[in-house]
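This report describes the contacts between chains and selected local features of a protein assembly. The sequence and structure are shown first.

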Amino acid sequence: MISINDRKFLTEALKVSKRLDGRSMEEQRPMEVTFGSQFGHVELTMGKTKVVVRISAEITKPNERRPFEGIFVVHTDIGSMASPIFENNHQSEQEIMISQVVEKAVRRSGALDLESLCIVAGKKCWEIRADVHYLDFDGGLVDATCAAVMAGLYHFKKPDVDVDGGAVTVCDMEERHPVALSVLHLPVSVTYGLFELKNDETNEVEKVECVLDCTAIERQVQNAEITITINKNRDICQISKPSGVSIEGYRIVELCEKAFQEALKVTEMIDKALKEDEEMRNKGNWKALLSAENDRYEK
Amino acid sequence: MFVWELSDTSANCDSFWIRRGRLGSDTGTLDQTHRALLPSYSSPLTQSRHEIYSPEGLRTDGRRWNEIRNFDCKINTHPTSADGSSYVEWGHTKVVCTVDGPREPDNRQNTTDRAVISVNVNVASFSTETRIKRQRNDKRLAEMNILIRQLLEEAVLTKLNPRTQIAVNITVIAQDGGLLPACINAACLAMIDAGVPLTDYVSACSSGVYSNNALIDLNTLEEQDVPFLTIGVIGKSDKISMLTLETQLPMASLEPVLATSLSGAHAIQDIMDAAVRKHGKHRLERK
Amino acid sequence: MPFSPAEIDYLRKSLQATPTIRPDAREPNQFRPVDAAQNFLPATNGSARIRTSDGGECIVGVKAKVVKNSSVDELIAVEVDIDDIRDDSPLPKLLSAVLQTLILSSIDTNRLRLTRSNYAFKLHIDALVLSHTSFPLNLVSLAIFLALKCTRLPLLVSSANDEEHEEVPVFSDDWEESLALCGGEILANNSGSEAISWTPPLVFSLAVVGNNILVDPTHEEESVSDLGLIMGWCNGQVCAPLRIIDLASAGGNVSPEQLSQQQSMLEQGIDLNMKGTSRKLIMKAYSLLTNTAPEVVAALDATADEEDGALF
């Protein structure tokens with residue numbers, strides 16, 4: 001819900017390239033990642049948007065059609081805790097689109113190596129489940145979810161397993177060091193809102209402005225949205241532009257280039273946060289003490 | 001030509017489907033001359049490895065990189081049971097579309113100042129090579145419904161019919177790649193037949209890239225192997241209204257792929273226009 | 001679409017008259033013209049489409065799957081999918097059940113057998129009703145008949161005798177060598193018996209109004225009918241299933257509110273509009289069908305023999 005006054009104010013401000021929160025048109029809200037004490041527990045805030053991701057692992061039977069691969073599911077359930085516009089247990093259109101984009105970005109892009117999750121071909125494999133909880137909604141849900149899930153996958157460690165013939169023994173986390181997941185690349189989602197700025201008198205469209213990372217208020221005024229998921233190897237993992245205002249092909253290519261720059265920043269941010277968390281867990285340098293590696297080998 | 005394939009790779013083959021190989025090719029070039037069917041097409045599994053794009057520039061069904069499959073469309077195929085209807089055969093993908101409306105809406109909540117469009121895509125279990133029983137809460141179908149609906153809302157002058165509903169029912173009876181573009185094209189034709197006011201033709205086309213070669217209009221085999229995207233455009237503009245990409249595409253290939261699919265979508269509009277005019281002429285002459 | 005009391009009265013009076021007067025001036029044993037097309041889906045083993053003059057349309061696809069005898073119960077599976085109606089509601093389930101029992105009981109499963117003990121074909125018959133105004137049973141049955149008539153199964157080239165060692169079936173690459181499901185050759189090949197051809201069964205729904213039986217009832221005739229009779233036709237005679245249904249509501253002519261109202265009335269023990277029928281009327285229906293059904297089969301056979309391929 002937005003009043004006509006608010007809408008006009010926003011569009012007039014965009015015409016002179018100003019946004020409500022003072023950011024530039026190409027500035028994304030800074031993301032902050034904090035890890036919980038358990039592996040795979042991630043809290044990500046992006047401005048006012050808050051997202052919590054928990055990664056868990058379970059041993060199960062693999063899909064009949066793919067006996068050499070594990071299973072990876074992403075579960076996003078947006079409830080009214082995030083915002084009153086969402087309903088609990090009801091799949092509104094917006095939720096379907098968000099969960100589909102997240103699934104394409106994180107699951108179908110092959111970020112997680114599924115073959116590494118196989119334990120006994122055709123019989124046992126790991127099922128990695130990412131549960132995303134939305135605590136607060138202020139736009140940018142897809143971007144936040146994607147970054148949080150990827151950070152969680154990098155952070156998570158699954159228990160080590162011993163395979164003896166057909167029997168699988170799961171080792172305790174205390175006895176044997178848990179094993180990190182095999183993540184192949186880091187897809188980062190970037191969402192642009194498209195605004196049709198019209199001349200007030202003639203009601204003709206002057207230009208279409210692309211604004212990075214819209215907040216909830218900006219989302220209500222936008223005419224269309226485009227979500228680009230890209231990784232630091234310049235691979236576009238997915239693009240989703242449901243209809244609304246049309247833009248030329250070359251502008252989409254430009255947006256991808258800008259999205260690539262953003263992806264580099266987010267990748268760096270996640271790497272940094274992971275390193276800090278690693279150092280904190282490694283206080284006292286116990287890993288070096290417990291390691292059986294010989295000093296002879298230079299690192 | 002006949003091949004059988006295992007439906008699952010389990011060690012004990014309890015059950016498997018048989019696939020009829022395709023005879024001949026089904027191409028249409030961008031300047032609308034249709035190629036003759038190639039008589040000696042050998043199905044992919046009898047060759048050691050099918051080539052998506054051979055060194056001579058031929059694809060699995062004998063097309064070149066810039067040739068779309070045969071696009072055959074008819075409108076007003078269901079004169080009694082629907083307000084507007086169309087039938088699209090794009091290569092081996094066959095789609096029937098009916099439009100009912102503008103009519104009394106199912107719920108009046110959100111229709112005060114404009115018409116509400118509802119889209120329902122029904123995929124038959126026998127439409128694919130392997131029979132797949134349709135799931136009821138299939139999110140992919142729900143997403144397709146939303147994409148088609150939003151694209152149509154962009155082109156339809158909904159403000160001219162407030163407090164009404166336009167129901168679009170798309171039934172897919174055969175699939176061979178290019179499902180979303182075929183549905184969109186069929187929906188546009190059916191809307192025209194129903195007399196719903198549109199700003200311009202709505203068309204869609206898919207295209208992908210294989211080792212630096214852009215390929216237009218992919219069939220199932222190509223869609224499984226090659227990253228591809230689908231665009232939807234309104235009118236013959238260079239502006240893209242809808243874009244979906246679900247597979248990994250290197251950024252350098254984005255521009256040629258977009259350009260290829262744009263030209264494909266424009267070519268489709270010409271074919272649709274010809275079919276609509278033919279039908280119009282037929283109706284005028286019938287009196 | 002609800003009717004006014006005047007319309008209902010007019011329809012009932014004219015249909016109950018002797019001889020019966022139908023709104024479209026048909027004889028009680030006269031079917032409406034249908035538009036049929038077949039074999040237009042190359043991805044299926046057999047396909048057909050029927051369009052009736054009141055706008056009903058049904059597309060049927062038959063697909064054959066090679067299965068191991070041990071892992072399946074029945075070799076025929078029929079599924080009817082009606083647009084706009086959920087798969088688990090009573091109408092599609094009724095149609096699927098009726099058609100499946102009918103076809104299973106009339107076909108000789110030797111036609112589907114591949115090897116002596118292990119492998120056979122399982123036929124998945126999927127009917128998609130795109131639109132319907134009256135009870136869709138006639139529509140679906142005619143479409144399935146045509147689809148089965150044009151169904152072809154690939155020719156087995158590996159050994160059919162696998163009692164000693166099991167062998168995965170291998171088929172000929174040439175579609176020209178495929179065998180028609182309804183033909184004689186397939187039976188002769190598989191079981192060594194005579195080459196008899198098979199005519200798929202049909203099932204009809206008849207409307208009973210007063211003392212009159214009407215074949216191929218329209219939506220109006222169904223809503224004023226006392227009840228409906230479902231009768232099967234197989235091998236030149238009337239066969240099971242034989243059921244009595246409430247045509248007025250079963251055709252989906254009733255809105256959900258009316259349906260739930262009927263449910264609550266049934267629970268309270270109040271009778272609905274459906275009246276019982278006498279033995280005489282059932283016998284009358286039997287003889288009507290015995291006289292008319294062969295012509296229907298002959299007409300369908302003639303359609304099936306024509307050239308096929310295009311849908312429109």
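The model is predicted: local features need pLDDT of at least 70 and side-chain atom pairs count only at pLDDT 80 or more, whereas totals for chains, interfaces and linings use all residues. Residues are numbered from 1 along each chain as its sequence is written, chains are lettered from A and ligands numbered from 1 in the order in which they are written, and side-chain values use heavy atoms, with hydrogens and water left out.

**Interfaces of chain B**

Contact means heavy atoms within 4.5 Å. Buried area is the accessible area (1.4 Å probe) that two parts lose on being put together, summed over both.

| Interface | Residues in contact | Buried area | Share from carbon and sulfur atoms |
|---|---|---|---|
| Chain C and chain B | 43 residues from chain C, 36 residues from chain B | about 3,600 Å² | 58% |
| Chain A and chain B | 36 residues from chain A, 30 residues from chain B | about 3,000 Å² | 55% |

Strand 3 of chain C gives the most to the side that touches chain B, with 10 residues. By class, that side of chain C has 21 nonpolar, 8 polar and 14 charged residues. Here Ala, Val, Leu, Ile, Met, Phe, Trp, Tyr, Cys and Pro count as nonpolar, Asp, Glu, Lys and Arg as charged, and the others, Gly among them, as polar.

Between chain A and chain B there are 4 salt bridges, including that of B:E143 with A:K104, whose closest N and O atoms are 2.7 Å apart. Across this interface 14 residue pairs are in polar contact, both at pLDDT 80 or more. The side of chain A that touches chain B divides into 14 nonpolar, 12 polar and 10 charged residues.

**Chain C and an aromatic pair**

Chain C contains 8 helices and 11 strands; helices (H or I, at least four residues) and strands (E, at least two) are DSSP runs, numbered from the N terminus. Of its 312 residues, 51% count as buried, where buried means under 20% relative accessible area, exposed over 50% and partly exposed in between (1.4 Å probe, protein chains only).

Over all chains there are 4 aromatic pairs. Rings of Phe, Tyr and Trp (its six-membered ring) pair if their centres lie within 6.5 Å; planes under 30 degrees apart count as stacked, over 60 as edge-to-face and the rest as tilted. The rings of B:F71 and B:W90 have centres 5.2 Å apart and planes at 90 degrees, so this pair is edge-to-face. Both B:F71 and B:W90 are buried.

**Backbone features**

A cis peptide bond joins B:G101 and B:P102, with omega about -5 degrees; B:P102 lies in strand 7 (residues 93-103) of chain B. Another cis peptide bond joins C:A240 and C:P241, with omega about 5 degrees.

A:N203, which is not a glycine, has a positive phi of about 60 degrees and is exposed, with a relative accessible area of 54%. B:D217 also has a positive phi, near 55 degrees, but B:D217 is buried, with a relative accessible area of 0%.

How values were computed:
Salt bridge = Lys/Arg side-chain N within 4 Å of Asp/Glu carboxyl O. Polar contact = N/O pair within 3.5 Å; in protein donor to acceptor, adjacent residues only side chain to side chain.
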